[in-house]
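Biologist: Can you walk me through this one? I'd like to start with a helix and then jump around.

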Amino acid sequence: MNSQTKTIEMPNAEGRFGEYGGRYVPPQLETILEEITIAYNALKNDEGFKKELHALYKDYVGRPSPVSYAQNLSDKLGGARIYLKREDLNHTGAHKINHCLGEVLLAKKMGKKKVIAETGAGQHGVALATAATLLGLECDIYMGEVDIAKEKPNVVRMKILGAKLIPVTKGAKTLKEAVDDAFEAYLKDPVTQLYAIGSVVGPHPFPMMVRDFQQIVGMEAREQFKEKTGKLPDNLVACVGGGSNAMGLFTAFLEDRGVNLYGVEPAGLGLQAGGHAATLTMGTPGILHGFKSYLLQDEEGEPLNVYSVASGLDYPGVGPQHSLLKDIGRVNYVTIGDREAIDAFFELSRTEGIIPALESAHAVAYAMKLAKELGKEETILVNLSGRGDKDVDFVVAKYGKDYGVVM
Ligand SMILES: *Cc1c(COP(=O)(O)O)cnc(C)c1O
């Protein structure tokens with residue numbers, strides 16, 4: 001078996017991707033996570049489960065999402081041809097619905113009554129509330145008070161969808177404290193609840209499970225791209241926060257050694273401490289939230305403050321499989337700063353009529369750079385992980401006048 005085959009079949013039974021991943025949790029939680037792993041391993045090969053999930057993807061999410069050739073943008077740049085995998089066209093506007101439906105369906109099959117989760121910017125909360133409503137489960141979302149004030153539209157959405165929003169008032173009142181509180185609530189009743197993690201992070205089996213639920217993105221894209229061009233793409237580009245949309249696109253191509261893979265991390269205001277969230281580029285291996293991976297951490301192993309204009313990329317850790325893919329050199333991890341992302345946000349809007357999520361704009365920005373370095377015969381497929389509706393007010397208030405948008 002060659003090393004690429006192994007990366008696809010990973011993780012091993014302990015949830016290890018090389019030295020990364022695993023489970024660093026209290027014994028009580030260990031037992032619960034093992035139960036979830038066993039249930040998931042049985043269901044993932046169950047024809048009924050696969051059929052049900054596929055029907056949800058097709059009839060509810062609107063899959064397959066198209067692959068669009070960004071001809072205007074490509075012509076303007078004069079280099080490689082850029083194609084977009086349109087996860088922005090999914091119901092709820094991003095890729096997150098893919099794994100939320102998977103997690104809620106799993107919870108339902110396991111006889112759980114409720115899914116619970118934390119949310120930072122509210123994107124995971126909205127996607128999970130949507131999936132829970134559809135499948136008839138209760139949904140508790142923990143969110144820091146600071147984030148509640150900042151992310152009003154998503155807070156309103158979660159409430160309209162019938163989720164219970166629990167404000168977190170400890171410490172900095174943002175994502176990290178929300179994780180702590182959600183975790184505590186979960187441990188009080190792990191029998192009737194399932195903790196639904198929002199990316200390819202956390203203890204085993206979540207990095208594997210969320211990746212598996214997202215790999216539909218790359219499986220579709222591989223076929224669509226071949227049908228359109230007769231070949232595989234030469235390059236894939238996806239933004240990396242926790243890493244779920246990137247794993248979703250990359251997984252189907254890991255064995256295609258001719259396909260170059262680029263994961264784009266947020267350089268924020270620059271790569272000095274506190275100004276970015278470029279975990280793989282600047283971090284070191286460590287343990288956070290129950291798993292081992294690259295982290296942005298201080299000497300004591302405490303997570304550093306991180307920042308990006310895209311709140312969905314703003315996390316001091318990263319999925320453990322990405323850490324392995326970095327070490328073995330299969331994926332190139334690169335960075336894009338706030339300003340380049342904002343430029344790409346307007347550029348894609350004004351050439352293609354597609355307003356991207358700020359997270360996805362990081363991937364578009366890197367693809368634009370790469371396109372200029374490559375010839376017209378080369379192709380780049382970008383995962384357009386979400387749409388920018390959630391970001392337009394913020395972008396225009398902060399950057400609008402630089403782009404001639406004055407309200
Ligand atoms: C949450 C989010 C991301 C970042 O999460 P990953 O797990 O790294 O994919 C990227 N794009 C959009 C649109 C998001 O909502």
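**Helix α3 and beyond**

Modeller: Keep in mind that this is a predicted model. On α3, the face turned away from the buried side carries the exposed residues Glu47, Lys51, Lys58 and Asp59.

Biologist: And which residues of α3 are buried?

Modeller: Phe49, Leu53, Leu56, Tyr57 and Val61. Looking down the axis of α3, these buried residues fall within an arc of 95 degrees, so they line one face of the helix.

Biologist: Why would residues three or four places apart point the same way?

Modeller: Because an α-helix has 3.6 residues a turn.

Biologist: What covers the buried residues of α3?

Modeller: The cover includes α2 (27-43), α5 (96-109), α6 (123-135), α10 (206-214) and α11 (216-229).

Biologist: How many residues does α3 have, and what is its reach from first C-alpha to last?

Modeller: It runs over residues 47-61, which is 15 residues. The reach is 20 Å, close to the 21 Å expected at 1.5 Å a residue.

Biologist: What about the ends? Which backbone nitrogen does a side-chain oxygen of Asp46 reach at the start of α3?

Modeller: That of Gly48, to within 3.1 Å. Just after α3, Gly62 takes a positive phi of about 95 degrees.

Biologist: Moving along from there. Which peptide bond is cis, with omega near -5 degrees?

Modeller: The one from Arg63 to Pro64. Pro64 sits in the loop between α3 and β3 (67-69).

Biologist: And where is the cis bond with omega about 15 degrees?

Modeller: Between His204 and Pro205. Pro205 belongs to the loop between β8 (193-195) and α10.

Biologist: Now Lys85. Buried or exposed?

Modeller: Lys85 is buried, because its relative accessible area is 0%. It lies in strand β4 (residues 81-86).

Biologist: Which backbone oxygen lies 2.7 Å from a polar atom of the Lys85 side chain?

Modeller: The backbone oxygen of Ser65.

Biologist: What else is Lys85 in contact with, leaving aside neighbours within four places in sequence?

Modeller: Its contacts include Arg63, Pro66 and Val67. Val217, Glu220, Ala221 and Gln224 are also among them.

Biologist: Okay, the ligand. Which of the 17 residues around it come nearest?

Modeller: Lys96, Ser199, Gly243, Ser244 and Ser385.

Biologist: Which polar side-chain atom lies 3.0 Å from a ligand oxygen?

Modeller: One that belongs to His95. A polar backbone atom of Gly241 is 2.8 Å from an oxygen atom of the ligand. For Gly242, a polar backbone atom is 3.2 Å from a ligand oxygen.

Biologist: What share of the ligand's accessible area does the protein cover?

Modeller: 97% of the 380 Å² that the ligand has on its own.

Biologist: Switching to Ser293. Where is it, and is it buried or exposed?

Modeller: Ser293 is in strand β12 (residues 291-295). It counts as buried, because its relative accessibility is 0%.

Biologist: What does the Ser293 side chain have a polar atom 2.7 Å from?

Modeller: The backbone oxygen of Val318. Not counting residues up to four places away in sequence, Ser293 also touches others, including Tyr20, Thr284, Pro285 and Gly286. Gly319, Pro320 and Ser323 are among its contacts as well.

Biologist: Where is Gly18?

Modeller: In the loop between β1 (16-17) and β2 (20-21).

Biologist: What does Gly18 contact, leaving aside neighbours within four places?

Modeller: Met10 and Leu324. The C-alpha atoms of Gly18 and Leu325 are separated by 9.5 Å, and those residues are 307 apart along the chain.

Biologist: Last topic: positive phi in residues other than glycine. What is phi for Thr92?

Modeller: Near 80 degrees. Thr92 is in the loop between β4 and α5. It is partly exposed, at 27% relative accessible area.

Biologist: And what is phi for His289?

Modeller: Near 50 degrees, again a positive value in a residue other than glycine. His289 is in the loop between β11 (284-288) and β12. At 25% relative accessibility, His289 counts as partly exposed.

Conventions
Residues are numbered from 1 along each chain as its sequence is written. This is a predicted model: local features need pLDDT of at least 70, side-chain atom pairs count only at pLDDT 80 or more; totals for chains, interfaces and linings use all residues. Side-chain values use heavy atoms; hydrogens and water are left out. Helices (H or I, at least four residues) and strands (E, at least two) are DSSP runs, numbered from the N terminus. The expected span of a helix is 1.5 Å times one less than its number of residues. Buried means under 20% relative accessible area, exposed over 50%, partly exposed in between (1.4 Å probe, protein chains only). The arc is that of the directions from the helix axis to the C-beta atoms. Contact means heavy atoms within 4.5 Å. A polar contact is a pair of N or O atoms within 3.5 Å; within protein, one must be able to donate a hydrogen and the other to accept it, and residues adjacent in sequence count only if both atoms are side-chain atoms. A residue is near a molecule or strand if one of its heavy atoms lies within 4 Å of it. Accessible areas come from the Shrake-Rupley method with a 1.4 Å probe; for residues, only the protein chains shown count as cover.
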